[in-house]
Amino acid sequence: MKNTYFTPGPAELYPTFYQHLQTALDEQIGSISHRSQKFRDIYKHTDEQLRILLDIPATHGIFFTGSASEVWERILLNCVEHESFHLVNGSFSRKFYDYAQSLHKYAHLYEKPFGEGFDYADVEVPEYAELVCVTHNETSSGVQMRPAEIHKLKRKYSKKLFCVDIVSSAPYPDLDFSIIDSAFFSVQKAFGMPAGLGVWIAGKSCLEKAERLQRYDSMTIGAHHTLPTLWKNYQTFETPATPNVLAIYILGKIAEDFNRIGIDTIRRQTEEKARMLYKFLDNHADYEPFVSEERHRSQTVIVAKTKQPSADVINAAKQANMIVGSGYGKFKESQIRIANFPATTIEQVTALIDQLKK
Ligand SMILES: *Cc1c(COP(=O)(O)O)cnc(C)c1O
């Protein structure tokens with residue numbers, strides 16, 4: 001019997017993945033040139049489908065990287081001259097901040113304990129911060145920051161560039177790209193694909209900043225895939241170097257599948273499954289949601305405290321062919337993490353809840 005992966009990335013593959021992979025192999029996509037019309041058509045198709053899915057306007061380009069964490073470095077190099085500002089409440093948002101320090105940016109942080117979230121009202125952005133780095137869904141702790149709160153913050157600090165990590169939640173968050181300058185994700189989370197492709201959405205405001213920094217003699221915006229280089233190639237749906245053509249093709253197909261279902265339906269199903277899981281955790285004596293504030297509870301990565309050692313719960317689920325994630329870092333033994341991505345159905349979530357009850 002096959003396992004169902006409720007792990008928050010790599011995760012359960014989206015059911016249509018196999019068929020798209022087969023078609024890609026039949027069409028010999030692994031051998032085509034990335035300077036061919038066939039590749040340009042693939043890039044264009046993926047671009048179109050992601051635009052529809054995430055409501056991305058023409059002011060923003062869509063670029064491909066090796067991973068999401070690569071985008072941390074790209075955006076810090078391309079969009080920060082001196083100072084960045086980071087909302088940190090877990091391991092992934094912390095790593096974004098660490099990257100800024102490694103790149104010798106003056107990185108400010110506003111940190112909250114693991115399991116707590118941010119609201120518009122408690123955030124004060126330092127005066128000289130150029131880029132505000134927000135993690136929509138902190139995968140390590142299962143905390144989300146609601147898009148409405150992110151939008152209010154951007155409106156208050158409209159001159160600053162805003163970049164949102166939507167790695168473990170896209171396509172769920174309904175970001176308003178008429179004000180959000182940049183966002184990024186990778187495909188092994190909610191898009192249900194194997195790892196190996198990052199997607200970077202960046203607006204003209206980011207490009208302008210990168211071009212300005214590039215003109216300063218003493219400033220480097222990096223050598224590998226600078227935003228101006230990515231943007232220039234993007235004009236003809238090309239990439240600076242040989243990209244992961246296979247993954248770009250399949251991502252376009254899965255985004256098309258999502259669009260056929262409709263983003264509203266996908267978001268509703270996500271919320272429905274999250275409601276089922278949180279309700280179960282709230283009512284069962286052996287579990288408790290880790291995030292106490294309801295508005296901060298992630299809809300896509302649900303973290304629970306377990307009364308028993310989490311390894312026992314995880315092993316019992318594994319016997320029933322359901323793979324659940326362990327807690328992150330020091331919470332490894334006392335928590336479990338359950339991904340709630342489009343690849344798992346209401347029926348599968350029901351089966352998981354029945355298993356956890358045992
Ligand atoms: C997984 C994850 C990343 C890193 O993505 P990679 O594809 O492994 O580089 C970054 N941010 C968040 C919130 C994540 O969940």
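My entries follow, one topic at a time.

**Ground rules.** I am working with a predicted model, where local features need pLDDT of at least 70, side-chain atom pairs count only at pLDDT 80 or more, and totals for chains, interfaces and linings use all residues. Residues are numbered from 1 along each chain as its sequence is written, and side-chain values use heavy atoms, with hydrogens and water left out.

**Ligand site.** I started with the shell and found 13 residues around the ligand, with S69, T139, D165, S186 and K189 the closest. By class, I noted four nonpolar, seven polar and two charged residues in the shell. For these classes, Ala, Val, Leu, Ile, Met, Phe, Trp, Tyr, Cys and Pro are nonpolar, Asp, Glu, Lys and Arg are charged, and the others, Gly among them, are polar. Helix α3 (residues 68-79) gives the largest share of the shell, three residues. Helices are DSSP runs of H or I with at least four residues, strands are E runs of at least two, and both are numbered from the N terminus.

Next I checked polar contacts, meaning pairs of N or O atoms within 3.5 Å. The side chain of T139 has an N or O atom 2.4 Å from a ligand oxygen. For S69, a polar side-chain atom sits 2.6 Å from an oxygen atom of the ligand. In Q188, a side-chain N or O atom is 3.0 Å from a ligand oxygen. How much of the ligand does the protein bury? The protein buries 88% of the 380 Å² that the ligand exposes when taken alone, by the Shrake-Rupley method with a 1.4 Å probe.

Over residues 128-327 I read 39% helix and 20% strand, with the end C-alpha atoms 36 Å apart.

**Cis peptides.** The bond from G9 to P10 is cis, with omega near -5°. P10 belongs to the loop between β1 (4-6) and α1 (17-26). The bond from A170 to P171 is also cis, with omega near 10°, and P171 is in the loop between β8 (161-165) and β9 (182-186).

**Positive phi.** D55 is not a glycine, yet its phi is near 55°. D55 is in the loop between α2 (37-54) and β2 (60-65). H225, also not a glycine, has a positive phi of about 50° and is in the loop between α6 (204-215) and α7 (227-234). Is D55 buried or exposed? D55 counts as exposed because its relative accessible area is 59%, whereas H225, at 15%, counts as buried. The cut-offs are under 20% for buried, over 50% for exposed and partly exposed in between, with a 1.4 Å probe and protein chains only.

**Two more residues.** R146 is in the loop between β7 (143-144) and α5 (147-156), and is partly exposed at 43% relative accessibility. From R146 to D174 I count 28 residues in sequence and 9.1 Å in space, C-alpha to C-alpha.

I346 is in helix α11 (residues 346-357) and is partly exposed at 33%. Leaving out residues up to four places away in sequence, I346 touches E272, K273 and M276, where contact means heavy atoms within 4.5 Å. I346 and A274 are 72 residues apart in sequence, and their C-alpha atoms are 9.8 Å apart.

Notes:
Near = heavy atom within 4 Å. Polar contact = N/O pair within 3.5 Å; in protein donor to acceptor, adjacent residues only side chain to side chain.
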